[in-house]
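Here are my notes on this one, in the order I'd go through them with you. Have the viewer open as you read.

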Amino acid sequence: EIGMKLTTKILGKQIHYFTDVHSTNNEAKRIAMADAPEGTIVVAEAQNRGRGRMSRGWFSPFAKGIWFSVILRPPFSPAEAPKCTLMAAVAVSSAIQQVTGVACGIKWPNDILYQGKKIVGILTEMSAEIDVINYIVIGIGINVNIGQEEFPAEISGLSTSLAIEAGRKISRLDLLTAILQQLESLYTGVLANGFASVLGEWRSHSITLGQNVEVLGGTGNFTGIAVDIDNDGALLIQTGSGVEKVLAGDVSIRPR
Ligand code: BTN
């Protein structure tokens, strides 16, 4: 069905659709290793071992969300890969606004939240050699039509869905179509002109910049004010002892 609606040239030219998988990222990596072309997507109605960042799971009930992965083969160095994840977050939050009217914000690097509750998670995985990317799999999970009472107790207070916030059922097909179109337009822009404008859009969607944050993992735990992202997509945090650069980790926003 999705194939019929798409006007994209790269993304979704090949679509692998499953009713049930462990994880669309696992399927996408398998297909990528078997030489799937750039732009191939893997979509599933349900995941029974959906994976999140930091070895967490991802709740992926049948037909209630969009659980999918995109294979990219960008012609640049592995160091640029984190910015592809920021690009995906911008594409998804723009498409959500366009299709549902819900104005979400991005928490660094790529969680999409509405009033502090999570709607979208993104998990990017890469296969690379020293200076070239073999493939990047960008896995995107969107809580679309999940009712508040359906979330497992551990995440219920932290999660919401587009249907809850928009007050109506949302078409997964329309949203996925819009995301692929947004993502392709950002990606072709990056290939032609670099990441500067994506980073600019990321800043304007950000709910992290200007906030007091606590960083866990990566270079250790500390708190400070998130002042900007740099050209690598790293978060810059002003602490009592100078500016810390965070390339990977978990950031929580701590009201002052
Ligand atoms: C996170 O917020 O921790 C990231 C969640 C990523 C979930 C998506 S759903 C599609 C893809 N397949 C997975 O197993 N995970 C990602």
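Which polar backbone atom is 2.7 Å from a nitrogen atom of the ligand? That atom belongs to R51. Keep in mind throughout that this is a predicted model.

1. Q47 places a polar side-chain atom 2.9 Å from a nitrogen atom of the ligand. As for cover, the ligand has 410 Å² of accessible area on its own, and the protein covers 99% of that.

2. **The shell around the ligand.** There are 19 residues around the ligand, and those that come nearest are S23, Q47, R51, R53 and K118. Which elements each supply at least two residues of this shell? They are helix 2 (24-33), strand 3 (65-72), strand 6 (117-128) and strand 7 (133-143). Strand 6 gives the most, with 4 residues. If you run a pocket search, the largest pocket is the space that the ligand takes.

3. **Cysteines.** How many disulfides does the structure hold? The count is 0. C84 has a relative accessible area of 0%, so it is buried. C104 comes out at 12%, which is under the 20% cut-off, so C104 is buried as well.

4. **A cis peptide bond.** Please look at the step from W108 to P109: this peptide bond is cis, with omega near -5 degrees. P109 belongs to the loop that runs between strand 4 (105-107) and strand 5 (111-114).

5. **Positive phi at D35.** D35 is not a glycine, yet its phi is positive, at about 75 degrees. You'll find D35 in the loop between helix 2 and strand 2 (41-47). Is D35 buried or exposed? Its relative accessible area is 65%, and exposed means over 50%, so D35 is exposed.

6. **Positive phi at M54.** M54 is another residue other than glycine with a positive phi, here near 55 degrees. The loop in this case is the one between strand 2 and strand 3. M54 has 43% relative accessibility, so it counts as partly exposed; that label covers values between 20% and 50%.

7. **S94 in helix 3.** S94 is part of helix 3 (residues 81-100). What lies 2.8 Å from a polar atom of the S94 side chain? The backbone oxygen of V90 does. S94 counts as buried because its relative accessibility is 16%.

8. **T160 and its surroundings.** T160 lies in the loop between helix 4 (153-156) and helix 5 (162-166). With a relative accessible area of 0%, T160 is buried. Its side chain is joined to that of E165 by a polar contact of 2.6 Å. Now turn to N143, which is found in strand 7. N143 and T160 are 17 residues apart in sequence, while their C-alpha atoms are 7.0 Å apart in space. N143 is buried too, because its relative accessibility is 3%. Remember that strand 7 is among the elements that supply at least two residues of the ligand shell.

9. **I179 and L11.** I179 has its place in helix 6 (residues 172-193). How far apart in space are I179 and L11, C-alpha to C-alpha? The separation is 10.0 Å, for two residues 168 apart in sequence. I179 has 0% relative accessibility, so it counts as buried.

10. I31 lies in helix 2, one of the elements that supply at least two residues to the shell around the ligand. At 10% relative accessibility I31 is under the 20% cut-off, so it counts as buried. The separation between I31 and D131 is 100 residues in sequence and 22 Å in space, C-alpha to C-alpha.

How values were computed:
Residues are numbered from 1 along each chain as its sequence is written. This is a predicted model: local features need pLDDT of at least 70, side-chain atom pairs count only at pLDDT 80 or more; totals for chains, interfaces and linings use all residues. Side-chain values use heavy atoms; hydrogens and water are left out. A disulfide is a pair of cysteine sulfur atoms within 2.5 Å. Buried means under 20% relative accessible area, exposed over 50%, partly exposed in between (1.4 Å probe, protein chains only). A residue is near a molecule or strand if one of its heavy atoms lies within 4 Å of it. A polar contact is a pair of N or O atoms within 3.5 Å; within protein, one must be able to donate a hydrogen and the other to accept it, and residues adjacent in sequence count only if both atoms are side-chain atoms. Accessible areas come from the Shrake-Rupley method with a 1.4 Å probe; for residues, only the protein chains shown count as cover. On a 1 Å grid over the protein atoms alone, a cavity is a set of points where a 1.4 Å probe fits but cannot get out, and a pocket is an open set with protein on both sides within 12 Å along at least five of seven lines; lining residues have an atom within 4 Å of a point. A molecule sits in a cavity or pocket if more than half of its atoms lie within 2 Å of its grid points.
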